[in-house]
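Please keep the sequence and the 3D view open while reading.

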Amino acid sequence: MASSTSTGKIRFCRTDFGVSTLDCHSHGRRGRNNKRAPCSPFISLPSSLSPGAFQISQFPRLTLKSHTFLLKCYTDDDDHHSIPNGSEDDATQSAVFSLESQQVKACMWIWRGYSIRYQCCGDSGPALVLVHGFGANSDHWRKNIAVLGKSHRVYSIDLIGYGYSDKPNPRDFGDTSFYTFETWATQLNEFCLDVVKDQAFFVCNSIGGLVGLQAAVMEPKICKGIFLLNISLRMLHVKKQPKFGRPLIKSFQSLLRNTALGKLFYKSVATPQSVRSILSQCYHDTSQVTDELVQKILLPGLEPGAADVFLEFICYSEGPLPEELLPQVKCPILIAWGDKDPWEPIKLGCAYGEFEPVEQFIVLPDVGHCPQDEAPHLVNPLVESFVARHASIKDDIASESICIDVKNF
């Protein structure tokens with residue numbers, strides 16, 4: 001339990017983990033009557049916190065009106081981005097590997113004709129879907145899947161265009177943008193319907209946080225709660241660009257996307273040395289930037305089509321902002337933020353703790369942009385406690401089927 005007091009801009013929080021401070025505005029938010037309501041507690045965790053165990057009540061399964069999709073698993077010897085040859089029965093072999101005494105399966109799901117890789121672990125408890133950030137993939141949750149799978153049904157998905165999911169060429173869609181938060185949110189919601197077959201909690205890092213929020217706004221009956229880790233502030237969004245700089249930024253983006261310069265730029269980035277350098281910028285504890293991590297991030301980026309997806313997204317300056325989506329979300333939200341993130345400064349991010357659905361804003365000390373990988377000993381217990389608080393809450397559709405409209409792109 002946490003209690004807090006505030007003096008000026010400083011929020012002091014007493015928790016089970018001790019006392020800490022955060023220098024940011026936290027005067028409380030305005031309620032429906034335009035009166036200040038108590039602000040979400042700002043909690044800072046000591047980096048020495050060891051993982052804790054939480055008792056999670058069994059989550060009721062729901063009967064779903066599901067679409068018919070092909071679901072296949074691949075073995076470790078198969079190409080990660082392709083469906084194994086042979087009959088559908090042969091293709092249902094699962095790649096199972098042991099991690100901390102838990103079995104993690106790597107599978108392929110056919111979504112609207114595209115192959116989507118995901119990993120899963122656990123066969124009981126609430127469902128969690130882990131959503132990676134820009135340039136990453138489901139392997140970025142390798143330190144979380146098995147641990148959380150001890151008491152949850154955990155799924156980690158490669159968003160289309162990333163990891164070992166298919167990477168359709170964005171130019172094939174003409175003037176219609178394909179790699180948008182609406183596309184990824186639709187993918188996430190339909191994944192819950194067709195694979196998870198249940199309501200789920202979304203655990204999201206960076207750009208994945210926008211995907212989770214957008215999905216919850218589009219289909220609020222699917223998401224039980226959202227755990228955001230260093231959500232992207234989207235500082236290159238057109239609304240946040242200085243007006244005098246917008247034409248210059250747009251011209252530079254067009255140059256990258258439509259000329260050979262973009263492919264040359266990507267070629268210089270997609271190397272072990274560059275990936276290690278970039279990760280060392282956003283990880284405060286650079287000892288966590290291992291050869292394994294570099295390979296997990298780099299290898300999918302060498303797949304055909306990866307460069308086009310990369311260039312398309314860095315030129316994507318439109319779409320929703322976190323501050324536009326947060327007020328629309330109906331489920332509870334917890335935000336945790338590594339305070340040494342050089343890309344998404346916590347002094348800007350802490351403002352998100354003032355939005356109505358956000359129950360807590362937790363500071364992760366001496367952690368960078370990817371807390372789930374850099375400090376899983378902090379993140380995993382927080383996810384477990386957040387889910388435990390909300391998994392048993394009954395809602396209006398607990399005894400109903402979930403059915404969403406499938407919209408064509």
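Which residues of α7 are buried? They are L293, V294, I297, L298, P300 and G301. The model is a predicted one. Its chain contains 12 helices and 16 strands, and 54% of the 409 residues are buried.

- Of the contacts with a separation of 6 or more, 73% are between residues 24 or more positions apart.

**Helix α7 and its partner α6**

- The cover over the buried residues of α7 includes α5, α6, α8 and α11 (371-374).
- Helix α6 (residues 272-282) and helix α7 (residues 291-301) cross at roughly 110 degrees, and their axes come within 10 Å.
- Angles of 65 to 115 degrees count as roughly perpendicular, and α6 and α7 are therefore roughly perpendicular to each other.
- On the α6 side the contact involves P272, V275, R276 and L279, which meet D291, L293, V294, I297 and L298 of α7.
- By class, the residues of this contact are seven nonpolar, no polar and two charged.
- Among the α7 residues that meet α6 are L293, V294, I297 and L298, and these four are also listed as buried.

- In helix α5 (residues 260-269), the buried residues are G262, Y266 and V269.
- Viewed down the axis of α5, these buried residues fall within an arc of 60 degrees, so they line one face of the helix.
- The face turned away from that buried side carries A260, L264 and K267, which are exposed.
- α5 packs with helix α8 (residues 306-314) at an angle of about 110 degrees, and the two axes are 10 Å apart.
- α5 and α8 are therefore roughly perpendicular to each other.
- The contact joins G262, K263, F265 and Y266 of α5 to A306, A307, D308, F310, L311 and I314 of α8.
- Its residues divide into seven nonpolar, one polar and two charged.
- G262 and Y266 belong both to the buried residues of α5 and to the residues of α5 that meet α8.

**Helices α2 and α3**

- Helix α2 (residues 181-196) packs with helix α3 (residues 207-218) at about 70 degrees, with 8 Å between the axes.
- α2 and α3 are therefore roughly perpendicular to each other, and their crossing is right-handed.
- From α2, the contact uses F181, E182, W184, A185, T186, L188 and N189, and from α3 it uses I207, L210, V211, G212, Q214, A215 and M218.
- Nine of the residues in this contact are nonpolar, four are polar and one is charged.

**Positive phi in loops**

- Most residues other than glycine have a negative phi.
- K197 has a positive phi, near 55 degrees, and is not a glycine.
- K197 sits in the loop between α2 and β13 (200-205).
- With a relative accessible area of 36%, K197 is partly exposed.
- S206, also a residue other than glycine, has a positive phi near 60 degrees.
- S206 is placed in the loop between β13 and α3.
- S206 has a relative accessibility of 7% and therefore counts as buried, the cut-off being under 20%.

Technical notes:
Residues numbered from 1 in each chain as written. Predicted model: local features only at pLDDT ≥ 70, side-chain atom pairs only at ≥ 80, totals over all residues. Heavy atoms only, no water. Axes fitted to C-alpha atoms, helices over the stretch in contact; angles between N-to-C directions. Helix = DSSP H or I, 4+ residues; strand = E, 2+ residues; numbered from the N terminus. Parallel < 35°, antiparallel > 145°, perpendicular 65-115°, else oblique. Left-handed = near helix turned anticlockwise from the far one by under 90°. Contact = heavy atoms within 4.5 Å. Nonpolar A, V, L, I, M, F, W, Y, C, P; charged D, E, K, R; others polar. Buried < 20%, exposed > 50% of the residue type's maximum accessible area, 1.4 Å probe, protein only. Arc of directions from axis to C-beta.
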